[in-house]
Amino acid sequence: MCFWIAQSQVWNLYNLWVRDHVDLQVGGFTVPVPWMQSLDGLLPALLTPSVVLWWRWQASHGREPDLFVKLATGCLVFGGSTAMLAFAPLLEDANGRAPLLLPVAFHLFSNLGAVYFAPVALALFAREAPAALRGTLIGVNTLAVFAASIISGRMGGLYERMAAPNFWLLHAFIAAAAGLVMLAAARVFRRLFTGNSAAAVV
């Protein structure tokens, strides 16, 4: 749920932040704000094959992390990418706007984190759920997105009262803290689950 709280702000306050803090001019063309969000549709399709090949290479060398480490990695990478937005003031031009490259880099790394997290969480539910309840529990997995979207929406109100860097650092902390908790609890989870959690997702 903590991962999706941070992710949901990309669908919520992020567009306002881009509108107000990013230089969208490329030559004489103004990049439409929603185009930045559209990268979240393109980049997973481009990144997933590379990540899967990386996991297979790791597996062939006996180094592939299990599902819990992958989940933690996804949270940490997403948290780090969200923190990047907090450093926009350090890159601002004379007009007080950060370069377009900053949100592009954010989308690249945040989607890398998402590839490590979202399909892996789904695989964990699908693999460990009893066969008779598999569909139901996969549906339960989506409740995390529902709950996180509600929380993220309420947290969006903080954007009017907090400096933008602090707003993004708060969300970065939530995602990264979840990753650290997952790493700390991974040993317990490995004992609880009976499936082969070290196997690749695909």
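**Note on a predicted helical chain**

1. Surface. The accessible surface of the chain is about 10,400 Å², and carbon and sulfur atoms hold 69% of that. Areas follow the Shrake-Rupley method with a 1.4 Å probe; for residues, only the protein chains shown count as cover.

2. Basis. This is a predicted model, in which local features need pLDDT of at least 70, side-chain atom pairs count only at pLDDT 80 or more, and totals for chains, interfaces and linings use all residues. Residues are numbered from 1 along each chain as its sequence is written, and side-chain values use heavy atoms, with hydrogens and water left out.

3. Fold elements. The chain has eight helices and two strands. Their order from the N terminus is α-α-β-β-α-α-α-α-α-α. The radius of gyration is 18 Å, close to the 17 Å of the globule rule for 202 residues, so the chain is as compact as a globular protein of that length. Helices (H or I, at least four residues) and strands (E, at least two) are DSSP runs, numbered from the N terminus. The radius is taken over C-alpha atoms, and the rule is 2.2 Å times the number of residues to the power 0.38.

4. Dimensions and packing. The C-alpha trace spans about 55 × 35 × 30 Å along its principal axes. Of the 202 residues, 41% count as buried. Buried means under 20% relative accessible area, exposed over 50%, and partly exposed in between (1.4 Å probe, protein chains only). Take contacts between residues at least 6 apart in sequence: 79% of them join residues at least 24 apart. A contact means heavy atoms within 4.5 Å.

5. Core. The largest nonpolar core has 50 residues, and Tyr-14, Trp-17 and Val-18 touch the most other members. At least two core residues come from each of helix 1 (2–8), helix 2 (14–21), helix 3 (34–60), helix 4 (67–86), helix 6 (101–128), helix 7 (134–155) and helix 8 (164–192). Helix 6 gives the most, with nine residues. Such a core is a set of buried Ala, Val, Leu, Ile, Met, Phe, Trp, Tyr and Cys residues joined through side-chain atoms within 4.5 Å.

6. Trp-17. Leaving out residues up to four places away in sequence, Trp-17 touches Val-22, Leu-85, Ala-88, Leu-102, Tyr-159, Ala-164 and Trp-168.

7. Ser-152. This residue lies in helix 7. Ser-152 is buried, at 1% relative accessible area. Beyond four places in sequence, Ser-152 touches Ile-5, Ser-8, Gln-9 and Asn-12.

8. Gly-156. The loop between helix 7 and helix 8 holds Gly-156. Gly-156 is buried, with a relative accessible area of 8%. Gly-156 touches Gln-9, Asn-12, Leu-13 and Phe-167, again not counting residues up to four places away in sequence. Gly-156 and Ser-8 are 148 residues apart in sequence, but 9.9 Å apart in space, C-alpha to C-alpha.

9. Pro-119 is partly exposed, at 35% relative accessible area, whereas Ala-123 is buried, at 13%. From Pro-119 to Leu-71 the C-alpha separation is 9.4 Å, across 48 residues of sequence. From Ala-123 to Leu-67 it is 8.4 Å, across 56 residues.

10. Charge. The chain carries 12 positive and 9 negative side chains, with the centres of the two sets 14 Å apart. Lys and Arg count as positive and Asp and Glu as negative; His and the chain ends are not counted. Each charge is placed at NZ of Lys, CZ of Arg, CG of Asp or CD of Glu.
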